[in-house]
Amino acid sequence: MLSPHLFAVYVNDVAKCHAGSVNSFVVLYADDILLISSSVSVLQTMLVACEIELDWLNMGINHKKSTCIRIGPRCDMMPSPICTRSGQTLLWDTMIKYLGVVILRSRKFKCSFNESKKSFYRALNAILGRVGAIASEEVVIHLVSCKCLPILLYGTESCPLNKTQLASFDFVFTRFLMKLFRTIDKNVISDCINFFEISLPSALIAMRKAKFDRKFVAIPLLAMDRCVH
């Protein structure tokens, strides 16, 4: 039971490999490491410092599972290669996946939720395939809300979303309701939403964001300082 806590203490010094720059950060979650920098040269320095610390801990970086991504006005420009101490080059990719969230190369910070939507449909079809023909609409909606919606909305509270993305989440859930109630009439679906007191994903995301913001503001400044430095 103590192993996760002991491991966190064991690798804690890796978080100090931010090259002394105010615009660089090291984010740790278990054995996943995210290096953030405002310049390619500082990122290279951070990688080397991280490798040195991991070597001292008798650990290492798997270059085959490590990629780089550029976000900002010059995202389309090919930057200099990032290399490990052993000479392995890390690829600059169009997207990365960190803790289940897909981050895209873009001029502004942007996330993709296509995988979440696919996983939502897989979970939904599994439920409909087992109980869709025998369970009532109330039961199916409850199961989907408990088992499928968390998959669809994973990470949305901490990611920036525009109106188009919010509408796409509502569209995915509305398509499920059309299949459940066997209709494509939007007025009928609207009545069903009101009758069953269903909250659309856009409304749920707004509530999740508000809750996330309250928790973030409540974090003591000392704890935040420990997380960053």
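**Note on the predicted model**

1. Strand 6 and strand 7 (residues 101–104) are joined by four bridges in the antiparallel sense, where two strands count as paired if DSSP finds at least two bridges between them. Helices (H or I, at least four residues) and strands (E, at least two) are DSSP runs numbered from the N terminus. Within this pairing, Y98 has V101 of strand 7 as its bridge partner.

2. These strands belong to an open sheet of three strands in the order 6-7-8, with antiparallel pairing. Its edge strands, strand 6 (95–98) and strand 8 (110–112), each pair on one side only.

3. This is a predicted model, in which local features need pLDDT of at least 70 and side-chain atom pairs count only at pLDDT 80 or more, while totals for chains, interfaces and linings use all residues. Residues are numbered from 1 along each chain as its sequence is written, and side-chain values use heavy atoms, with hydrogens and water left out.

4. The chain averages a pLDDT (the predictor's confidence in each residue, from 0 to 100) of 88, and 95% of the residues score at least 70. Over residues 222–229, however, the pLDDT is below 50. Where pLDDT is low, the predicted coordinates should not be read in detail.

5. In helix 7 (residues 186–195), I189, C192 and I193 are buried, that is, under 20% relative accessible area, with exposed meaning over 50% and partly exposed in between (1.4 Å probe, protein chains only).

How values were computed. Contact = heavy atoms within 4.5 Å.
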